[in-house]
Amino acid sequence: MNKKLRGLLLTATVCLLLALGGCAVPSRIEKPPVEDEEPVKEGSVKEPMEEVVEQEEEKVEEVVEQVEVPNTPENVILPEDNPPPDNMTWISPGKVVISNFFPGARAEYYLSVHNGDDEECPFVISCRAPDRLYEGASFPPEEFQDWIIIADTDPVIAPESTEDVFIVLEMPEDAESPESWEFWVSVQDASQAGLVQTELCSRWLVNMR
Amino acid sequence: MRRFRKLLWGMAPLAAIVTLLISNGGVALADTTATVTINATPTFISIALNNTSYDFSTVAADEDEETPDGYFGVTNNSTVTTNTTIVSNGWQDTDGEAPDSPWTWDTPGEDQGQMKASDGDGAFDVTIDDSTPAELTSGTSAETDWVFEVQIDAPTSFTHGEPQGTTLTLTCAEE
């Protein structure tokens with residue numbers, strides 16, 4: 001009789017200990033302290049993430065997380081480093097690589113556009129399919145332009161000034177894409193006239209996880 | 001004592017279920033995080049032209065007319081190796097009056113012509129398309145200026161004398 005009772009008590013104790021242990025499992029990435037976050041202008045990356053988690057056969061739980069990725073040197077663009085002369089029109093950076101991307105994720109970056117003219121100048125900024133591809137990359141899915149937000153598609157930039165244009169890539173959760181794909185962000189001086197006009201492009205390579 | 005034993009027997013399966021639910025939930029939640037990374041190097045893309053226009057004047061049927069050697073000069077202030085493509089937006093009837101009679105952009109035919117380009121060697125071996133960009137230069141080193149020329153392959157015959165024009169877009173991007 002006593003043995004049975006001891007067995008029962010032991011079973012109950014083990015179950016309770018296991019239950020308490022399950023509660024204590026850490027399950028989230030810790031957000032970096034607010035003071036560690038750089039201003040967005042310097043090229044920060046934000047990744048809101050939503051993921052549905054299946055817990056039990058009949059129970060589905062949706063988990064939504066916002067993960068702040070702190071700036072690291074390779075994430076920061078420094079337009080003041082050796083730019084072309086002020087009287088030349090330029091864009092920067094020439095290439096952006098987004099890695100570990102996935103449906104439902106969001107990536108943000110700034111494209112710097114410099115007006116080298118001595119007069120105020122209108123520009124047109126758009127995204128488009130690439131003229132050529134990096135090795136192993138594919139052309140973007142047909143609907144990729146719906147996933148890209150350009151904060152200002154027709155900025156008017158003061159003479160010999162630079163404007164940072166906010167660009168967001170936000171892929172729907174139910175969207176599909178190749179493992180590696182590319183799109184270009186096009187910048188054109190809208191005041192150009194004549195037989196030949198120039199277009200400057202920034203290449204954006206997206207590697208899916 | 002009997003009541004206590006019954007109570008314990010009843011609690012054991014319940015505790016086991018609670019354990020299972022909580023521990024499974026913990027494992028699943030731990031897998032929901034990921035990091036998207038963005039990398040960019042501080043490169044600059046910059047080109048400018050010394051000439052943007054050229055008047056071919058009157059073009060004879062079935063003749064090729066071209067700009068002078070090195071007519072279009074490109075100042076390249078890009079800080080990285082670049083490639084350049086060229087594309088046309090097709091022929092436009094430029095007098096702005098009806099009827100609107102643009103030529104067809106294609107190999108020479110009746111009211112049908114195209115343009116070609118060369119990267120400074122006068123070879124005109126780059127056929128300019130009206131939809132797909134053609135590569136004009138590749139692997140151009142940083143801060144290296146270059147020149148190019150263009151040529152009209154005029155129609156073999158004309159059914160009208162409406163003036164024609166086009167816009168050529170020169171696209172520069174990192175290699």
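Me: How many salt bridges are there over all chains?
Reply: Side chains of opposite charge can pair when their charged atoms come close. In this predicted model, where a pair counts if a side-chain nitrogen of Lys or Arg is within 4 Å of a carboxyl oxygen of Asp or Glu, the count over all chains comes to six.

Me: Which residue forms a salt bridge with Arg106(A), and which residues are joined with Arg106(A) into one network?
Reply: The closest N and O atoms of Arg106(A) and its partner Glu108(A) are 2.8 Å apart, and Glu108(A) counts as buried at 6% relative accessibility. Salt bridges that share partners extend this pair into one network, whose members besides Arg106(A) are Glu108(A) and Glu170(A).

Me: How many residues apart are Arg128(A) and Glu199(A), which meet in a salt bridge?
Reply: The N to O distance between the side chains of Arg128(A) and Glu199(A) is 3.0 Å. Arg128(A) is in strand β6 (residues 121-128) of chain A, while Glu199(A) is in strand β11 (residues 196-208) of chain A, so that the pair links distant parts of the chain, with a separation of 71 residues.

Me: Are Arg128(A) and Glu199(A) buried or exposed?
Reply: The cut-off for buried is under 20% relative accessible area. Arg128(A) has a relative accessibility of 17% and Glu199(A) one of 5%, so both residues count as buried.

Me: Which strands hold Glu182(A) and Arg203(A)?
Reply: The side chains of Glu182(A) and Arg203(A) meet in a salt bridge, at 2.7 Å from N to O. Glu182(A) is buried with a relative accessible area of 0%, and Arg203(A) counts as buried at 1% relative accessibility. The pair ties together parts of chain A that are 21 residues apart in sequence, because Glu182(A) lies in strand β10 (residues 180-189) and Arg203(A) in strand β11.

Me: How many disulfides does the structure hold over all chains?
Reply: A disulfide is a covalent bond between the sulfur atoms of two cysteines, and the cut-off used for such a pair is within 2.5 Å. Over all chains, the number of disulfides is zero. For Cys121(A), which is in no disulfide, the nearest cysteine sulfur is 16 Å away, and that sulfur belongs to Cys201(A).

Notes
Residues are numbered from 1 along each chain as its sequence is written. Chains are lettered from A and ligands numbered from 1 in the order in which they are written. This is a predicted model: local features need pLDDT of at least 70, side-chain atom pairs count only at pLDDT 80 or more; totals for chains, interfaces and linings use all residues. Side-chain values use heavy atoms; hydrogens and water are left out. Buried means under 20% relative accessible area, exposed over 50%, partly exposed in between (1.4 Å probe, protein chains only). Helices (H or I, at least four residues) and strands (E, at least two) are DSSP runs, numbered from the N terminus.
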